[in-house]
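Please open the structure in your viewer and keep the selection tool at hand.

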Amino acid sequence: MSKVKRNLFIAVPLLSLLVSGCGGAGNAEKEPAATGAGTDAEQAVTIKLSNWYAKKMDNWDIVIAEFEKQHPNIKVEFASAEDNNSNEYYKKLDLAVAGGDDLDILMFSNMTFLSQRAGLGMIQPLDDYLAKDGINFKDEYTADTSIDGKVYGLPGKSSQGLVIINEDHLKEAGLELPKDWTWDQYMDYAKAMTKKTGDKTRYGTYFHSWIQYGYVAQTFGQAVNANLTTDDGKTANIDNPFMRKSLELRLRGETEGSATPYSEVVSQKLNYRPQYFNQDTSMLVTGSFLIPETGGTETIPASFKTVFAPLPKMKIEDPMSSNVSGDVLSIYSKSKHKDEAYTFIRWFSTEGIVLQGKNIPSWKKADLKDVVDRIIAGSKTPEMIDKASLLYVLENTIPTTAATAVPYHAELEKVLLEEFDKMLLSGQSIDDTIQHAQTKIQKIIDSKS
């Protein structure tokens, strides 16, 4: 989703400049004096917020301005290439750490990436800070950011699975907006909304190239054993009903022609945003992070109204739920300003993210209707977002948290992707795909023991 954009920092030397600017000789005499509660801007501690977002487009300028107004003794340096490419960000982040650069706040797009670095000692646990403030984590946030009993970050946005649908295409096909449905019904809708005009096909749905969409029914909606290993990390988790259903859905989309062909997705390097907003597809399984864009942006305007449906289920009697993921803000273990960094991430994960008006917060005490109103009002064409169906999905979906994947999860996903490609591109059977992936992944797990 988050579950995977170009040069986070323009070049490694520039990254070093961004993340070490406060450690130069020009600031060396000012930082010690800022440990108190002074409000003199010249005595303020500067902390770096390392991420991949666009400062103005994503309203970080508003967030930072308000934080600095409330905390005049702390200044926030926004260190980002502003390209929304988290994969490139991680590469540059690791180079910065290896080079000994000064870092303070590190953002992660999901817990898997955080877990990999926590295991290397890069991340400061927050339990003592939370205890000092009398904060019960589970009472405050929907997402679980703990690893082996320790909290390694505070969650920002809460991204849950849902379905966005082009209302015009839905009505054209004579379909009712679903309020509760299964994965099989989802594919029925995709088939009904597929339309061919001349040599051009408008597909009912689009699945992105990320392998997470290869096991979509498993990773999006299952709270237990959602990853490619069982939750204890000891057994390969490929041979199960959720994986089989996921592969069946993808194969059905190919054979019926109701989903954009995987060969085109890969060879043409297609992206879900233009596919949906250019009306080349009618609906997407996505995350709530995409809600603001359904109202249009400066770069991609919204020319049609989007309605929202809950994440499909295996069986209709199953509860309406979705795994919740999203950004996590952590403190670099070697930060020189840990207290100030904690002050910012605690403030942002509560008041700040609501003010930002871009995402659904993980903070349980946020007013959901107010949050939705802010998100809609902040879009370019608010009338293109159907508020009623959006609120229905958000209010009726039970948020669940899957176990954090093993640190070598990317290695396992590569194996599954290889077998998945054989299925969709070379005709390998579902049974062989499951069996081969199960065997190969188990060998990797055993080698890590």
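Predicted model: local features only at pLDDT ≥ 70, side-chain atom pairs only at ≥ 80, totals over all residues.

How many of the eight residues of helix α4 (residues 111–118) are buried? Six of the eight are buried, and α4 is accordingly described as mostly covered. To display the buried positions, select M111, T112, L114, S115, R117 and A118.

**Second stop: a pair of helices**

Now select helix α10 (residues 241–256) together with helix α17 (residues 430–448). Their axes come within 10 Å and cross at roughly 135°. Angles over 145 degrees would count as roughly antiparallel, and those of 65 to 115 as roughly perpendicular; α10 is therefore oblique to α17. The crossing of these two helices is right-handed.

Which residues bring α10 and α17 together? On the α10 side, select R244, L247, E248 and L251; on the α17 side, select I430, D431, T433 and I434. Colouring this contact by residue class would show four nonpolar residues, one polar residue and three charged residues.

Move on to R374, which lies in helix α14 (residues 368–377). Is R374 buried, partly exposed or exposed? Its relative accessibility is 35%; buried means under 20% and exposed means over 50%, so R374 counts as partly exposed.

Then show the neighbours of R374. Leaving aside residues up to four places away in sequence, R374 touches V354, L355 and G357.

**Last stop: the whole chain**

Finally, clear the selection and display the entire chain. How many helices and strands does the chain have? There are 17 helices and 14 strands. The radius of gyration is 22 Å, close to the 22 Å given by the globule rule for 449 residues, so the chain is as compact as a globular protein of that length.

Turning the view along the principal axes, one finds that the C-alpha atoms fill a box of roughly 70 × 55 × 40 Å.

Notes
Residues numbered from 1 in each chain as written. Heavy atoms only, no water. Axes fitted to C-alpha atoms, helices over the stretch in contact; angles between N-to-C directions. Helix = DSSP H or I, 4+ residues; strand = E, 2+ residues; numbered from the N terminus. Parallel < 35°, antiparallel > 145°, perpendicular 65-115°, else oblique. Left-handed = near helix turned anticlockwise from the far one by under 90°. Contact = heavy atoms within 4.5 Å. Nonpolar A, V, L, I, M, F, W, Y, C, P; charged D, E, K, R; others polar. Buried < 20%, exposed > 50% of the residue type's maximum accessible area, 1.4 Å probe, protein only. Rg over C-alpha atoms; globule rule 2.2 N^0.38 Å.
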